[in-house]
Amino acid sequence: LLHSVLPYDVAKSMKKGIDRWGALEPSDNFNALNATHLQRWENVSILFADIKGFTAISSTMPAPQLVQMLNDLFASFDELANELSCSRIKLLGDCYYCVSGIMPENKEHADNCVKMGLQMIMETQRQAEKCGVDLSLRVGVHSGAVLAGVLGLHKWCYDVWSNDVTLASKLESSGTAGLVHISEATYSLLREKYDVI
């Protein structure tokens with residue numbers, strides 16, 4: 001179960017704490033489970049994607065149909081992430097965000113995230129045609145460093161934190177739907193691989 005929600009190395013480390021938990025005195029159990037499972041990654045790319053006008057769309061579709069559409073879309077994004085060495089971090093409503101370059105390290109992280117963004121846009125268009133709705137995706141990608149790991153005692157969730165994560169989110173929210181909005185840091189890693197406007 002841990003491996004389905006956490007990266008392998010993090011799950012392995014946390015399992016050691018869980019295994020120790022049963023052998024400790026009750027007063028020490030808190031410390032065994034509350035160990036910090038954080039790692040700094042210096043060279044990663046972060047992708048945020050969000051459906052433009054999702055609130056308006058959600059007011060025109062029955063909830064079950066809307067949830068099914070999101071599930072189909074996010075499942076296809078998960079498949080793309082797996083193919084392109086990106087790790088999905090979280091779903092936040094209609095926002096999907098992932099990182100490339102962590103577990104394992106990957107020098108092609110910027111290219112992976114841009115490819116992911118472009119393919120996500122095409123997949124969103126395909127889903128829009130299938131469902132008969134007007135869907136378009138805003139995508140932002142930034143490259144930098146993150147602190148990644150798990151916090152707390154309950155409902156564990158792997159997450160990433162840094163100013164670079166915040167910048168990737170802002171690139172998405174200020175971007176143009178149907179395009180991948182990249183930072184200069186990401187652009188410098190791509191070496192003219194894409195047409196950039």
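In this predicted model, Cys86 is buried, with a relative accessibility of 8%. Cys98 is likewise classed as buried, at 0% relative accessibility. No disulfides are counted in the structure. For Cys86, the nearest cysteine sulfur belongs to Cys113 and lies 4.2 Å away, and Cys86 takes part in no disulfide. The closest cysteine sulfur to that of Cys98 is in Cys86, at 4.5 Å, which is too far for a bond; the cut-off for a disulfide is 2.5 Å.

| Residue | Relative accessibility | Class |
|---|---|---|
| Cys86 | 8% | buried |
| Cys98 | 0% | buried |
| Leu171 | 11% | buried |

Leu171 is located in helix H7, which spans residues 163-174. Beyond its neighbours within four places in sequence, Leu171 contacts Gly140, Val141 and His142, together with His181, Ile182 and Ser183.

A helix pair is described next. Helix H5 (residues 63-83) packs against helix H6 (residues 109-131) at an angle of about 150°, and the axes are 10 Å apart. The two helices are therefore roughly antiparallel, and H5 passes H6 in a right-handed crossing. On the H5 side, the contact involves Gln65, Met69, Asp72, Leu73, Ser76, Phe77, Leu80 and Ala81; these meet Met116, Gln119, Met120, Glu123, Thr124, Gln127, Lys130 and Cys131 of H6. Classified by residue type, the contact of H5 with H6 comprises eight nonpolar, five polar and three charged residues.

Note on methods:
Residues numbered from 1 in each chain as written. Predicted model: local features only at pLDDT ≥ 70, side-chain atom pairs only at ≥ 80, totals over all residues. Heavy atoms only, no water. Axes fitted to C-alpha atoms, helices over the stretch in contact; angles between N-to-C directions. Helix = DSSP H or I, 4+ residues; strand = E, 2+ residues; numbered from the N terminus. Parallel < 35°, antiparallel > 145°, perpendicular 65-115°, else oblique. Left-handed = near helix turned anticlockwise from the far one by under 90°. Contact = heavy atoms within 4.5 Å. Nonpolar A, V, L, I, M, F, W, Y, C, P; charged D, E, K, R; others polar. Buried < 20%, exposed > 50% of the residue type's maximum accessible area, 1.4 Å probe, protein only.
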